Amino acid sequence: MQTDKLKKIKLPWLYLSFLIVVLSVWTYYMVSTDSFYIFAKHGYAVLTMIFGSFIAGSSPEGSAAIAYPVFTLLLKIPPAIARNFAFAIQSIGMTSASLLILNLKIKVEWNYIKYVTFGGIFGLIFGTYYIVPLISPPLAKLFFVSLWLSFGLVLWYENTKPKRTVFDKIQSFQRSDMARLLFFGLVGGMISSIFGTGINIFSFCLMTIYYRIDEKVAVPSSVIIMTLETILGFFLHAGLINDFQPEAFEMWLACIPFVAFFAPLGSFVINKVPRKAVATFLYIILIVQFIGAMWVIKPNLLQLIMCLVTLVAGLSTFVYLANVKNSRMVEE
């Protein structure tokens with residue numbers, strides 16, 4: 001009887017193999033260079049990423065959505081270092097989560113993944129070279145949290161409807177859908193170039209509001225998208241631009257063994273809970289993120305006006321997307 005049970009247990013060998021390789025290389029480097037002092041030096045970064053990596057694996061928010069504001073606003077770490085660290089650490093944590101998703105055969109939407117990722121490649125490269133130098137970090141962060149709060153409010157409203165229909169894939173996929181996904185990927189890639197994350201939550205808005213994809217399908221799909229984008233972002237900064245700072249490297253080393261466990265743990269947990277629980281978890285993250293940014297940044301009048309304009313514009317856009325899709329569903 002016990003033997004039969006053991007046979008039914010399928011170990012995620014793809015994820016475990018990646019974990020063994022990463023931890024082996026990490027341990028060898030840490031021992032050979034005697035670098036264990038970094039845990040004391042970057043203890044706050046480790047604590048932040050234990051929570052952030054779980055969020056990254058269990059929601060459309062990358063761990064940078066937690067790390068970026070904490071690092072830049074609370075720990076006073078320069079935005080460029082926070083962004084480069086975000087790309088680096090997500091290359092470990094979100095890759096781990098993605099491999100576990102694939103191993104466990106968790107349902108994902110492959111058209112969403114393919115076309116958003118492709119558009120995101122061009123958006124990330126363009127944003128890295130031409131947008132990042134022009135952006136004020138506090139203003140960008142306020143825009144970031146205001147836009148996602150507007151999405152959370154619309155998603156909450158849609159989920160209050162007693163008969164909200166959800167799907168596990170895009171219905172009747174056409175060229176117009178391909179163009180729409182490419183565009184959202186392009187814009188999302190530009191957002192990711194600033195913060196180290198963004199394409200996942202931006203495209204997640206489209207999938208859940210417009211296409212009505214089940215949150216339990218959209219979340220793991222967005223994790224895979226962010227994994228591919230973050231590897232490219234890491235390569236751009238560490239391999240081509242060569243602006244990967246020593247401080248970002250030290251924080252990366254300190255956090256690697258933790259995110260390799262907690263990001264896939266988030267993906268595993270979110271697959272076991274009901275859809276509405278996933279949505280509720282997302283609402284909480286978005287609200288806390290917005291309130292936290294307001295409390296830390298303490299925006300002036302001009303910045304508050306920008307937040308309000310972004311919130312209203314976001315609400316209008318997402319309500320429009322929801323209503324357009326509702327009308328088409330009624331016609332069909």
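Author: E250 counts as buried at 16% relative accessibility, where buried means under 20% relative accessible area, exposed over 50% and partly exposed in between (1.4 Å probe, protein chains only). This is a predicted model, in which local features need pLDDT of at least 70 and side-chain atom pairs pLDDT 80 or more, while totals for chains, interfaces and linings use all residues. Residues are numbered from 1 along each chain as its sequence is written, and side-chain values use heavy atoms, without hydrogens and water.

Reader: With which residue does E250 form a salt bridge?

Author: A salt bridge is a side-chain nitrogen of Lys or Arg within 4 Å of a carboxyl oxygen of Asp or Glu. For E250, the closest N and O atoms of the pair are 2.9 Å apart. The partner is 209 residues away, in helix α3, helices being DSSP runs of H or I with at least four residues, numbered from the N terminus.

Reader: Which residue forms a salt bridge with D243?

Author: D243 is partly exposed, with a relative accessible area of 25%. It lies in the loop between α11 and α12 and its partner in helix α6, so the pair ties together parts 160 residues apart in sequence. The closest N and O atoms are 3.6 Å apart, and the partner is R83.

Terms used:
Helix = DSSP H or I, 4+ residues; strand = E, 2+ residues; numbered from the N terminus.
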